[in-house]
Amino acid sequence: RHMGHCGGEKGAEMHAGFLVLLAGLAASPVMAAELPNPAACAGYRENKTGGDADCDAAIATETDPKLKSVMLGRRAYMEDAAGDFKTYPKALADLDEAIRLWPDNWGALHERGYLYNEYGRWKEAEADLDRQIELNPKIADGYQERALARFNLGELKGVFEDRTAEALLFPSAADYLALADANLWLGKFDDVKSDLAQATQVASPDEAQKTSDAVALTRARLGNWMGTSANGPAGCDAAAKLGDFNRENLIGDCTRAFLEATKDEDRAEALTNRSMAWLASKSDENAATADNVVAAGIYPSAANLSNLGFAYMRVHHSTAASWVFDKSIALEPSAYNYSGRASA
């Protein structure tokens with residue numbers, strides 16, 4: 001996430017939702033588009049060592065709260081850029097101080113939102129990123145990072161809004177692919193196809209193969225989501241009761257159950273069943289994990305959190321798994337959940 005967006009020419013066609021949001025972005029005041037640019041800590045984006053003695057000295061002697069806030073944010077960036085959890089507490093402390101000194105430092109708000117996402121503290125991440133976007137609505141990384149928090153909270157309409165804004169600001173192949181995924185979760189299957197076409201159209205030559213592979217993966221998921229049996233949503237429930245998750249078109253039946261359910265508990269149950277269908281088909285383990293993520297976000301019961309913990313274990317996200325089991329144990333201190341956390 002520390003890498004910038006790739007540019008690309010915007011396609012001629014837009015969804016109606018794009019046009020509405022574009023008008024809103026155009027009208028939004030940019031309250032803090034530019035941050036102060038102190039000379040100190042200037043190499044923070046290239047520094048991969050996690051520290052800079054000259055930067056430390058400059059922070060220690062700076063008296064201007066805004067300049068010191070910006071430098072603290074830069075140091076935090078260096079501390080978390082390597083993705084080493086051992087340096088995250090120091091980065092978080094720097095960001096807390098940066099925001100205390102200058103509450104409108106949208107750069108520090110973004111960085112703390114990123115760290116909260118890393119820690120699985122989704123609501124806190126969302127709050128920081130809400131504020132970043134309020135201060136500077138024309139920077140795409142705020143929408144990009146908030147979409148991640150919202151996905152983990154099961155706020156799928158919010159994910160769509162953020163991915164739409166992101167694609168408007170930076171209409172790259174990656175952004176259209178992310179928008180296609182957001183539309184997929186809302187059941188807007190025609191829009192998914194349009195987004196994938198846009199991704200292919202704007203992909204640069206060096207992105208072409210990667211984009212093609214991602215488009216193929218999304219098309220495969222779309223085909224599974226749309227392929228239903230005569231039983232429809234009832235087929236999903238019947239398979240779960242029998243423990244038979246290897247039925248033809250079960251992924252599509254559970255998709256319909258998810259999209260048509262009105263209660264969060266029922267929506268989460270449909271996704272849990274669909275995750276089992278993905279695993280039984282041995283076709284897309286990441287899709288199964290995503291189902292567990294959203295199920296736990298929509299309805300964070302002990303069982304759904306435990307399912308997510310074990311899903312993270314399957315894909316080797318043991319740190320995330322341990323935090324999820326913490327939450328599950330707080331709701332239900334069972335041997336099963338303790339065993340999961342011990343394994344993580």
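Which residues of helix α12 (residues 233-242) are buried? In this predicted model, the buried positions of α12 include G235, C236 and A239. Viewed down the axis of α12, its buried residues fall within an arc of 105 degrees, so they line one face of the helix. On the other side of α12, A234 and K241 are exposed. The cover over the buried residues of α12 includes helices α13 (250-260) and α14 (264-281).

Helix α5 (residues 106-118) packs against helix α6 (residues 122-135) at an angle of about 160 degrees, the two axes lying 8 Å apart. Because the angle is over 145 degrees, α5 is roughly antiparallel to α6, and the crossing in which α5 passes α6 is left-handed. On the α5 side the contact is made by W106, L109, H110, R112, G113, Y116 and N117, and on the α6 side by W122, E124, A125, D128, L129, R131, Q132 and L135. Divided by class, the residues of this contact between α5 and α6 comprise 7 nonpolar, 4 polar and 4 charged.

Helix α15 (residues 285-298) and helix α16 (residues 302-314) pack at an angle of about 150 degrees, with 9 Å between their axes. This angle makes α15 roughly antiparallel to α16, and the crossing of α15 and α16 is left-handed. The residues that make the contact are E285, T289, N292, V293, A295 and A296 of α15, together with N304, L305, N307, L308, A311, Y312 and R314 of α16. The contact of α15 with α16 contains 7 nonpolar, 4 polar and 2 charged residues.

Individual helical positions were also considered. L169 belongs to helix α8 (residues 156-169) and is partly exposed, its relative accessible area being 25%. The C-alpha atom of L169 is separated by 6.1 Å from that of A140, although the two residues stand 29 residues apart along the chain. S322, which is located in helix α17 (residues 318-331), has a relative accessible area of 18% and is therefore buried, the cut-off being under 20%. When neighbours within four places in sequence are left aside, S322 is in contact with R341 and A344.

Most residues other than glycine have a negative phi. Against this background, C41, a residue other than glycine, has a positive phi near 60 degrees, and K282, which is not a glycine either, has a positive phi of about 55 degrees. C41 is placed in the loop between α1 (16-27) and α2 (53-61), whereas K282 is placed in the loop between α14 and α15.

Technical notes: Residues are numbered from 1 along each chain as its sequence is written. This is a predicted model: local features need pLDDT of at least 70, side-chain atom pairs count only at pLDDT 80 or more; totals for chains, interfaces and linings use all residues. Side-chain values use heavy atoms; hydrogens and water are left out. Axes are lines fitted to C-alpha atoms, for helices over the stretch in contact, and angles run from 0 to 180 degrees between N-to-C directions. Helices (H or I, at least four residues) and strands (E, at least two) are DSSP runs, numbered from the N terminus. Angles under 35 degrees count as roughly parallel, over 145 as roughly antiparallel, 65 to 115 as roughly perpendicular and the rest as oblique. A crossing is left-handed if the near helix is turned anticlockwise from the far one by less than a right angle, and right-handed if clockwise. Contact means heavy atoms within 4.5 Å. Ala, Val, Leu, Ile, Met, Phe, Trp, Tyr, Cys and Pro count as nonpolar, Asp, Glu, Lys and Arg as charged, and the others, Gly among them, as polar. Buried means under 20% relative accessible area, exposed over 50%, partly exposed in between (1.4 Å probe, protein chains only). The arc is that of the directions from the helix axis to the C-beta atoms.
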